[in-house]
Amino acid sequence: MSRDDAARTILAIIVGVAPEVGVEFVDDDADFVDELDLDSMDFLNVVIGVSERTGIAIPERDYDAIRRFGDFVSYLVSADAPSH
Amino acid sequence: MEQRILPAALIAKATASAARDHPSFNGWWRHGQLEQAEAVHLGIITSLRDGGLVALVVGNADEKDLATLMDELRDLVSRARGNRLRSSDVSDATLSVTNLGERGVDAVHGVIHPPQVALVGFGRIRERPAVVEGTVIGRPLVTATLAADHRASDGHVGARFLATIEASLQAPEEL
């Protein structure tokens with residue numbers, strides 16, 4: 001999965017969860033809670049939505065590491081990379 | 001994927017279970033008297049992004065396990081955000097709960113939504129000093145408040161109601 005693909009996937013899910021978020025202003029440093037104003041339920045719905053869309057399991061222990069958009073993108077790219 | 005249970009679900013289940021045990025807080029004041037509801041349909045006050053509040057109703061909330069309640073809550077919030085609520089989603093609450101913790105509020109002094117006779121408010125969960133067996137340690141604590149119709153109940157039974165909620169939250173594995 002490329003970074004662009006990961007970013008598009010996450011943004012698509014965000015639009016579904018929080019339609020009023022201006023996704024055109026979301027950059028890598030955007031914090032889901034502090035800047036996009038998602039509460040814990042919204043964030044959970046985003047994570048679950050992305051997991052279901054991509055088939056990538058995202059355990060709860062990783063939630064703190066993906067609270068910024070760019071970090072979530074990196075997480076998906078890394079999780080989807082083939083292991084050797 | 002493993003399911004995460006948010007504090008909102010714990011709070012909802014604890015409140016619903018307590019309402020079952022304290023029926024004077026579960027119902028409506030109508031026609032000059034308390035009409036105790038047979039079921040516990042919990043109204044969960046939720047903010048809408050374009051402003052305003054809505055009470056999302058989880059029917060028979062006391063009978064549902066945490067996982068089911070969490071799923072239902074997620075679905076309701078998701079549909080509320082997307083303006084896809086059905087009339088049944090916002091109807092017939094027997095009491096309400098409001099959780100303003102994520103908005104940075106330590107305590108809520110709520111107001112009941114008539115004809116309901118009770119509203120339980122929760123502030124944010126914060127690590128605070130607590131004395132445990134004579135030692136001061138940090139514990140996650142939350143302030144719960146009760147707004148109630150004094151025609152249907154009084155402070156004494158209200159205190160017992162809150163104590164029941166507290167006991168449940170102290171043992172979440174039993175919810």
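**View 1. The predicted model as a whole, with its confidence scores.** The model scores an ipTM of 0.73 and a pTM of 0.87. Within chain B, the pLDDT averages 93, and 99% of the residues score at least 70. A reader who is new to such models may keep in mind that, where pLDDT is low, the predicted coordinates should not be read in detail.

**View 2. The interface between chain A and chain B.** On one side of this interface stand 20 residues of chain A, which are in contact with 13 residues of chain B. Between them the two chains bury about 1,700 Å², and 50% of that area lies on carbon and sulfur atoms. Residue pairs in polar contact, with both residues at pLDDT 80 or more, number 6 between chain A and chain B.

**View 3. A salt bridge between A:D37 and B:R103.** Chain A and chain B are joined by 4 salt bridges, and one of them is shown here, where the side chains of A:D37 and B:R103 meet with a distance of 3.5 Å from N to O.

**View 4. The hairpin of β1(B) and β2(B).** Strand β1 (residues 27-30) and strand β2 (residues 33-36) of chain B run antiparallel and are joined by 4 bridges. Among the partners, B:G27 is bridged to B:Q36 in β2(B), while B:R30 is bridged to B:Q33. There are 2 residues between the strands of this hairpin, and B:H31 takes a positive phi near 55 degrees.

**View 5. The hairpin of β7(B) and β8(B).** Here strand β7 (residues 126-132) and strand β8 (residues 135-141) of chain B pair in the antiparallel sense over 7 bridges, and one of the pairs is B:V131 with its partner B:V136 in β8(B). This hairpin has 2 residues between the strands, and B:E133 takes a positive phi near 50 degrees. In a regular strand, the side chains alternate between the two faces of the sheet.

View 6. Most residues other than glycine have a negative phi, and most peptide bonds are trans.

Technical notes:
Residues numbered from 1 in each chain as written. Chains lettered and ligands numbered in written order. Heavy atoms only, no water. Contact = heavy atoms within 4.5 Å. Buried area = accessible area lost by both parts, 1.4 Å probe. Polar contact = N/O pair within 3.5 Å; in protein donor to acceptor, adjacent residues only side chain to side chain. Pairing = 2+ DSSP bridges. pLDDT = per-residue confidence, 0-100.
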